[in-house]
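Visitor: I would like to go through this protein with you and ask, for each label you use, what it rests on. Could we have it on the screen, please?

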Amino acid sequence: MKSRIVYLKIPQSAQVVNRRIYLKDVAEIASPDEELAKQIGEITLYKAKGDKNEKIVFSAMSMLKLIQKEYPDIAIEHIGETDFIVEYKMPVPQKKGMEYFKLVVLSLIVFIGAVFTIMTFNADVSVGDVFNNVYYLVTGSKKSSGSVLEIAYCVGILVGILGFYNHFKTSKLHNDPTPVHIEMRNYQEEMNKAIIKDSDREGKTIK
């Protein structure tokens with residue numbers, strides 16, 4: 001007889017598109033009895049209204065209670081989060097035109113912001129005067145227009161940004177996450193923690 005023990009691994013957040021949310025949609029379920037694990041995965045955790053996107057906060061205890069109600073004779077080993085978020089997103093057809101438009105607008109905002117930041121930095125530290133002085137020290141004459149210094153500086157900024165953020169398309173230097181990825185992940189985790197705390201404080205957590 002196979003062991004009647006089930007292991008649950010619950011992530012901090014999960015995203016679903018089906019109104020009826022099953023345990024298998026939000027948790028990894030493992031057991032020596034594979035049929036038992038499959039049956040537990042089919043237990044309904046929640047049914048979304050379906051008329052709008054939702055973020056529902058659950059306590060892990062709510063999931064354990066559902067399993068114990070259906071299978072009171074099994075042992076459950078829970079690893080993972082004690083509270084977690086399930087985000088229901090209404091299935092909508094993708095509008096590629098709108099997605100491309102958003103990408104273009106976002107790229108322009110980032111580009112203009114970066115240009116403004118670099119320009120203000122250069123003005124603050126008087127990069128132009130520094131280049132003039134370096135040019136005079138090296139050549140012994142004052143420059144009247146742009147020089148190789150400005151060109152090298154611009155190319156250096158571009159190469160430095162690409163190297164720092166590891167964005168060489170398919171020719172990445174390494175597989176480590178970029179600083180942007182790390183900051184986005186940290187932001188997502190902090191936001192999830194805030195949602196969970198607010199839901200618990202307001203008594204909206206499903207327990």
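Visitor: What radius of gyration does the protein have, and how does one judge that value against a compact globule?
Guide: In this predicted model, the radius of gyration, taken over C-alpha atoms, is 27 Å, whereas a compact globule of 207 residues would have a value near 17 Å; the globule rule behind that comparison is 2.2 Å times the number of residues to the power 0.38. The C-alpha trace spans about 90 × 40 × 35 Å along its principal axes.

Visitor: Which conventions stand behind the numbers?
Guide: Residues are numbered from 1 along each chain as its sequence is written, and side-chain values use heavy atoms, with hydrogens and water left out. Since this is a predicted model, local features need pLDDT of at least 70 and side-chain atom pairs count only at pLDDT 80 or more, while totals for chains, interfaces and linings use all residues.

Visitor: Why does Ile 206 get its accessibility label?
Guide: Ile 206 has a relative accessible area of 28%, so Ile 206 is partly exposed. Ile 206 lies in the segment after α7 (179-201), and its contacts, leaving aside neighbours within four places in sequence, are Tyr 46, Ile 56, Val 57, Phe 58, Ser 59 and Ser 62.

Visitor: How do you know that Ile 206 and Ser 62 come together from separate parts of the chain?
Guide: Ile 206 and Ser 62 are 144 residues apart along the chain, yet their C-alpha atoms are separated by 6.6 Å. Ser 62 lies in helix α3 and, with a relative accessible area of 8%, is therefore buried; leaving aside neighbours within four places in sequence, Ser 62 is in contact with Ile 206 and Lys 207. Ser 62 and Val 110, by contrast, are 48 residues apart in sequence and 43 Å apart in space, C-alpha to C-alpha.

Visitor: What makes a group of residues a nonpolar core, and which residues touch the most other members here?
Guide: A nonpolar core is a set of buried Ala, Val, Leu, Ile, Met, Phe, Trp, Tyr and Cys residues joined through side-chain atoms within 4.5 Å; the largest one here has 26 residues, of which Val 26, Ile 40, Met 63, Ile 67, Ile 74 and Phe 84 touch the most other members. Helix α3 gives the most to this core, with 4 residues.

Visitor: What is worth noting about the phi angle of Ser 126?
Guide: Phi of Ser 126 is near 55°, a positive value in a residue other than glycine. Ser 126 sits in the loop between α4 (96-125) and α5 (127-139), and has a relative accessible area of 30%, so Ser 126 is partly exposed.

How values were computed. Buried means under 20% relative accessible area, exposed over 50%, partly exposed in between (1.4 Å probe, protein chains only). Helices (H or I, at least four residues) and strands (E, at least two) are DSSP runs, numbered from the N terminus. Contact means heavy atoms within 4.5 Å.
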